[in-house]
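Thanks for coming. I will walk through one structure, starting with the contact between its chains and then moving to a few side chains.

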Amino acid sequence: MMALILFRTFLTCPDACVFQMVQDPTQFDVLVMPNLYGDILSDLCAGLIGGLGVTPSGNIGANGVAIFESVHGTAPDIAGMDLANPTALLLSAVMMLRHMGLHDHADKIQTACFDTIRDKKVLTKDLGGSAKCSEFTAEICRRVQDLG
Amino acid sequence: VLHINITMIPGDGIGPEISAAVMKIFEAAKAPITWEERNVTAIKGPGGRWMIPPDAKESMDRSKIGLKGPLKTPIAAGHPSMNLLLRKTFDLYANVRPCVSIEGYKTPYTDVNLVTIRENTEGEYSGIEHMIVDGVVQSIKLITENASRRIAEYAFEYARNNKRTSVTAVHKANIMRMSDGLFLRKCREVAENYKDIKFTEMYLDTVCLNMVQDPTQFDVLVMPNLYGDILSDLCAGLIGGLGVTPSGNIGANGVAIFESVHGTAPDIAGMDLANPTALLLSAVMMLRHMGLHDHADKIQTACFDTIRDKKVLTKDLGGSAKCSEFTAEICRRVQDLG
């Protein structure tokens with residue numbers, strides 16, 4: 001079987017890109033860019049999907065090193081109160097699993113997480129609900145186990 | 001009524017027809033303007049340097065105010081960018097773009113009402129680059145006290161003159177401590193003289209994140225060149241694109257050139273299909289700059305009402321009207337507004 005990968009390179013400047021991005025982000029796929037533009041665009045795109053509370057991130061280093069991380073803050077006002085939303089860190093961990101080639105586990109955990117959010121029954125406060133972090137986590141665990 | 005001379009640069013492509021539309025609407029509004037049409041296509045002066053034609057420069061130096069349509073950049077080798085040439089000729093240091101949501105022209109964002117003020121002479125676009133060794137290049141971002149102070153002063157004056165409540169300096173002084181740090185310091189100093197205007201500071205990446213989630217939180221934004229380039233286009237995207245976005249360039253010695261920032265659209269040029277909104281709103285910006293607020297309000301209201309009513313819209317706005325029909329409708333409403 002021969003796999004055909006459609007590869008299209010497209011050069012655009014950051015001003016034209018952000019202009020198109022806020023009108024129709026679906027036209028974009030993978031974007032590669034130098035440091036400053038990446039600083040701007042990565043935050044812009046995080047904003048489009050709902051903010052840093054749901055955005056995963058990975059940092060790739062030399063010698064095979066990779067560090068995956070949530071990019072939101074420490075939220076000291078709710079620390080230790082079982083109110084936090086673990087989605088960003090969880091999706092970063094899913095990214096990590098994919099990086100390691102563990103796609104089945106990645107898919108299962110991601111599906112459980114997205115299904116929980118889509119169902120809207122058990123959501124942390126920032127997602128519009130009133131569940132505790134532990135309740136949100138337990139719900140995802142339950143779904144993960146159901147997915148076998 | 002004493003008429004004021006304005007230099008009109010119709011430009012290329014759809015430029016002449018949208019300029020004609022604007023002049024018609026201004027006539028219907030009885031705006032006290034006398035238009036002096038000029039061409040700014042660069043010519044080679046004595047000594048071989050590119051310059052704008054002397055009669056265009058003479059008109060601008062005298063009138064101080066210009067309205068410009070889109071320009072095509074000639075392909076001839078060595079020909080300079082027209083916008084760069086105009087910028088250098090008149091020291092156009094501030095690029096100002098008010099972005100206001102247009103009722104009737106739906107975008108994913110509503111109630112946008114902000115202004116980006118971009119320093120347009122230095123920063124990351126100073127054009128100072130060099131190669132250290134093969135494969136290693138450095139680019140100099142130039143920030144000066146004078147340019148930073150000048151743009152900050154313009155931003156606060158603009159805020160005051162246009163009854164805006166706050167000015168936000170957009171920067172990355174946490175990373176670029178000396179360059180953005182200098183810019184920020186000048187903004188803070190100028191803010192001291194404008195206690196009636198609220199001054200805030202925000203990192204560029206945070207602005208972008210917040211901008212796409214809730215643009216209504218922003219008012220006047222002032223920033224160095226590159227950030228302004230990006231943010232002004234981002235905001236134009238929020239309200240529907242370059243076809244409806246006005247723009248003004250403020251220069252030294254009281255010169256100001258207002259312009260539509262869309263292209264020349266050669267595929268529809270001369271076919272009475274163009275949308276004159278961007279140039280018209282730039283002309284409205286021009287009227288406000290001149291203090292002619294009544295005329296500005298009347299023309300802007302007529303334009304927005306026409307778009308909101310959705311009965312007579314050009315193709316890009318979702319309708320099927322000709323440019324002349326859209327223009328006639330705005331003229332009619334202008335006259336009804338007395």
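**The interface and some side chains**

Between chain B and chain A, the rule finds one salt bridge across the interface. Please keep in mind that this is a predicted model.

Which residues form a salt bridge here, A:Asp39 and which partner? The partner is B:Lys172, and the closest N and O atoms are 2.6 Å apart. Polar contacts across the interface of chain B and chain A come to three residue pairs, with both residues at pLDDT 80 or more. On the side of chain B that touches chain A, H6 and helix H7 (225-239) of chain B each supply at least two residues. H7(B) gives the largest share of that side, nine residues. Sorted by class, the side of chain B that touches chain A has 14 nonpolar, five polar and four charged residues.

Now the extent of the contact. Chain B puts in 23 residues and chain A puts in 19 residues. The size of an interface is often given as the accessible area lost when the parts come together. For chain B and chain A, the buried area is about 1600 Å², and carbon and sulfur atoms give 73% of that.

B:Lys172 sits in the loop between S10 and helix H5 (179-191) of chain B. Is B:Lys172 buried or exposed? With 5% relative accessibility, B:Lys172 counts as buried, because the cut-off for buried is under 20%. Within its own chain, the side chain of B:Lys172 makes a polar contact with the side chain of B:Asp205, at 3.4 Å. If we leave aside neighbours within four places in sequence, B:Lys172 is in contact with A:Leu36, A:Asp39, B:Asp180, B:Leu204, B:Asp205 and B:Tyr227. That list has residues of chain A and of chain B in it.

Next, salt bridges in general. How many salt bridges does the structure hold over all chains? The count is 34.

I will take three of them. The first topic is in chain A, where A:Arg118 and A:Asp115 form a salt bridge with the closest N and O atoms 2.6 Å apart. These two residues are three apart in helix H4 (residues 103-119) of chain A, so about one helical turn separates A:Arg118 from A:Asp115. A:Arg118 has a relative accessible area of 58%, which means that the residue is exposed.

Then chain B, with a salt bridge between the side chains of B:Asp219 and B:Arg164, 2.6 Å from N to O. B:Asp219 lies in the loop between helix H6 (204-213) and strand S12 (220-223) of chain B, while B:Arg164 lies in the loop between H4 and strand S10 (166-171) of chain B, so the pair ties together parts that are 55 residues apart in sequence. B:Asp219 and B:Arg164 are both buried.

Still in chain B, B:Asp336 forms a salt bridge with B:Arg332, with 3.3 Å between the closest N and O atoms. Both residues lie in helix H10 (residues 323-336) of chain B, four residues apart, about one turn of the helix. B:Asp336 has 59% relative accessibility and counts as exposed, whereas B:Arg332, with a relative accessible area of 41%, is partly exposed. Elsewhere, salt bridges that share partners join A:Asp119, A:Lys121, A:Glu139, A:Arg142, A:Arg143 and A:Asp146 into one network.

Helix H10 of chain B also holds B:Arg333. At 16% relative accessibility, B:Arg333 counts as buried. What does the side chain of B:Arg333 make a polar contact with? With the side chain of B:Asp309, at 2.8 Å. Apart from neighbours within four places in sequence, B:Arg333 is in contact with B:Ala302, B:Asp305, B:Thr306 and B:Asp309.

Last, the aromatic rings. Over all chains, the structure holds five aromatic pairs. In one of them, the rings of B:Tyr154 and B:Tyr158 have centres 6.1 Å apart and planes at 45 degrees, so this pair is tilted. B:Tyr154 and B:Tyr158 are four residues apart in helix H4 (residues 145-161) of chain B, and therefore about one helical turn separates them. Both B:Tyr154 and B:Tyr158 are buried. Ring pairs also bring in B:Tyr93, linking B:Tyr93, B:Tyr154 and B:Tyr158 into a cluster.

That is what I had to show.

Conventions:
Residues numbered from 1 in each chain as written. Chains lettered and ligands numbered in written order. Predicted model: local features only at pLDDT ≥ 70, side-chain atom pairs only at ≥ 80, totals over all residues. Heavy atoms only, no water. Phe/Tyr/Trp six-rings, centres within 6.5 Å; stacked < 30°, edge-to-face > 60°. Buried < 20%, exposed > 50% of the residue type's maximum accessible area, 1.4 Å probe, protein only. Salt bridge = Lys/Arg side-chain N within 4 Å of Asp/Glu carboxyl O. Contact = heavy atoms within 4.5 Å. Buried area = accessible area lost by both parts, 1.4 Å probe. Polar contact = N/O pair within 3.5 Å; in protein donor to acceptor, adjacent residues only side chain to side chain. Nonpolar A, V, L, I, M, F, W, Y, C, P; charged D, E, K, R; others polar.
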